[in-house]
Amino acid sequence: MTVQDNILYFAGCNTQELAKTYGTPLILISEDAIAKKTDEIHRDFTDKYDHVRAVYASKAFLNSAMCKIIERAGLGLDVVSGGELYVAQHAGFPMDQIIFHGNNKSVSELKEAIENGVGRIVVDNFSELELVCALSKQMDTPANLLFRITPGIKSDTHAYISTADKDSKFGFPLHSVPSAFEFAKKYENITVMGLHFHVGSQLQSPQSHLDALDVILKLMSQLIESGHPIYELNTGGGYGVKYTDIDEEMQLATFTAPIMDRIEAWSLDTGHKRPLVIIEPGRWLIANAGLTLYTVGSSKSIPQVRDYIAVDGGIPDNIRPALYTAKYRAVIANKMNCPAEKTVTIAGKCCESGDILIRDITLPEAERGDLLAVFGTGAYTESMSSNYNLLPRPAVVLVGDKGAFLIKRRETYEDLTRRDVLPPHLK
């Protein structure tokens, strides 16, 4: 981020010119910021340790261009739906480098995964295991599996993004894992490669991962000693990112170094061979590569209560503040040298009282037509976007030293009716 002539430049590009060219709301993705993160992954993980692998958790942000960026960076891809799998396939991403997650994959999704040779299917429960095994046998096609385990530990994060508690919709309960291995052994096309766990998102410490490892490594020893080899251990992601000034900028090694130390110590203590270790950064890689631009519209002052300014987006392009009370930093992008002296609340334009992007932020005096830039919107904004209030979803532009490139066009009003079908009696 730099400033020239009172204007915010993002990844070397003039935000005001981008807004004029592409309209607002507008999501910008910095290719350079992504490259810095993938370089850090290689420096502090894949180049530092033998027998490890890094996979991008694509639910944070995915389209064809992102698939190409991730492939060229030498990372695998984690998908959680048939739609994400289709986008990856459409972009030509290598199917054997994909890990397919999800707690309720449909029959058609599993058939697509098996048929196309997806690298790993992460089986989430016994019901799904029975289905995968039956489909693999029916299709006479092999499938490599990981079992997602619920370690039963608490994570210090929002309840909606905590995934490792005993009472979770995700994963096999610990007691059922040995019988799942025994069941899978009956099917010659099925290979259980190992285990997966994920403890939650936006974590500020590796403690949850280490607590989970204490449980998982003990389980691994029991499985190996019972004749069930563990070739791979997928430790998930969830590494926190800096959204506001009170957040820390988390380094990858803050998480991966203690995780690897704990696994290496287990291997030395037990004499069991260390499995391939996989990490799945998503938000950590893409969140701060993103910036959203909005145009300021109406304003409202309630004496002794609050001052509001409204922008031309909100819940449809960023539901996270309403869903998780997520917090963001922002600036007036065309008034970067003006003093920040007024505390306001940034409201979206949707017909919801909860459509508040940022509460009580101090900014320069904002006027109709000003450009608001919200930082850290690369993860879970575009991917969670909707047409609520029938607002067209925003364009996405990739920016960097090569210039600015549209990678997802803005929806039109025509797009909003494209799926409508009139029954004969209403024509």
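How many bridges join strand 20 to strand 21, and in which sense do the two strands run? The points below take up this question and then move on to other parts of the structure, which is a predicted model.

1. Strand 20 and its hairpin. Five bridges join strand 20 to strand 21, which covers residues 403-408, and the two strands run antiparallel. The link between strand 20 and strand 21 is a hairpin that passes through two residues. As one example of the pairing, V399 stands opposite A404 in strand 21.

2. The other partner of strand 20. Strand 20 also pairs with strand 4, residues 26-30, and here the sense is parallel, again with five bridges. Within this pairing, S30 has V399 of strand 20 as its bridge partner, and V399 is also the residue that stands opposite A404 in strand 21.

3. L390 is placed in the loop between strand 19 (371-375) and strand 20. Its phi is positive, at about 55°, although L390 is not a glycine. L390 counts as exposed because its relative accessibility is 56%, where the cut-off for exposed is over 50%.

4. Strand 1 and strand 2, residues 7-10, are paired over three bridges in the antiparallel sense, and T2 stands opposite Y9 in strand 2.

5. A cis peptide bond. T24 and P25 are joined by a cis peptide bond, with omega about -10°. P25 belongs to the loop between helix 1 (15-22) and strand 4, and strand 4 is the strand that pairs with strand 20 in the parallel sense.

6. Helix 6 and helix 7. In general, two packed helices are described by the angle between their axes and the distance between the axes. For helix 6 (residues 126-139) and helix 7 (residues 177-184), the axes come within 11 Å and cross at roughly 10°. Helix 6 and helix 7 are therefore roughly parallel to each other, given that angles under 35 degrees count as roughly parallel. On the side of helix 6 the residues that meet helix 7 are F126, L129, E130 and C133, and their counterparts in helix 7 are S179, A180, F183 and A184. By class, this contact has six nonpolar residues, one polar residue and one charged residue.

7. S136 lies in helix 6 and is buried, because its relative accessible area is 0%, and the cut-off for buried is under 20%. If neighbours within four places in sequence are left aside, S136 is in contact with I114, T141, P142, A143, N189 and I190. S136 and E115 are 21 residues apart in sequence, and their C-alpha atoms are 9.0 Å apart in space.

8. Helix 8 and helix 9. The axes of helix 8 (residues 207-225) and helix 9 (residues 252-270) come within 11 Å and cross at roughly 30°, and the two helices are therefore roughly parallel to each other. Their crossing is right-handed. The residues that make the contact include L210, L213, L217 and I224 of helix 8, together with F255, I259, I263 and W266 of helix 9. The whole contact divides into 10 nonpolar, three polar and two charged residues.

9. L203 is found in the loop between strand 11 (190-196) and helix 8, and it is buried, with a relative accessible area of 1%. L203 and Y239 are 36 residues apart in sequence, while the distance between their C-alpha atoms is 5.2 Å.

How values were computed
Residues numbered from 1 in each chain as written. Predicted model: local features only at pLDDT ≥ 70, side-chain atom pairs only at ≥ 80, totals over all residues. Heavy atoms only, no water. Axes fitted to C-alpha atoms, helices over the stretch in contact; angles between N-to-C directions. Helix = DSSP H or I, 4+ residues; strand = E, 2+ residues; numbered from the N terminus. Parallel < 35°, antiparallel > 145°, perpendicular 65-115°, else oblique. Contact = heavy atoms within 4.5 Å. Nonpolar A, V, L, I, M, F, W, Y, C, P; charged D, E, K, R; others polar. Left-handed = near helix turned anticlockwise from the far one by under 90°. Buried < 20%, exposed > 50% of the residue type's maximum accessible area, 1.4 Å probe, protein only. Pairing = 2+ DSSP bridges.
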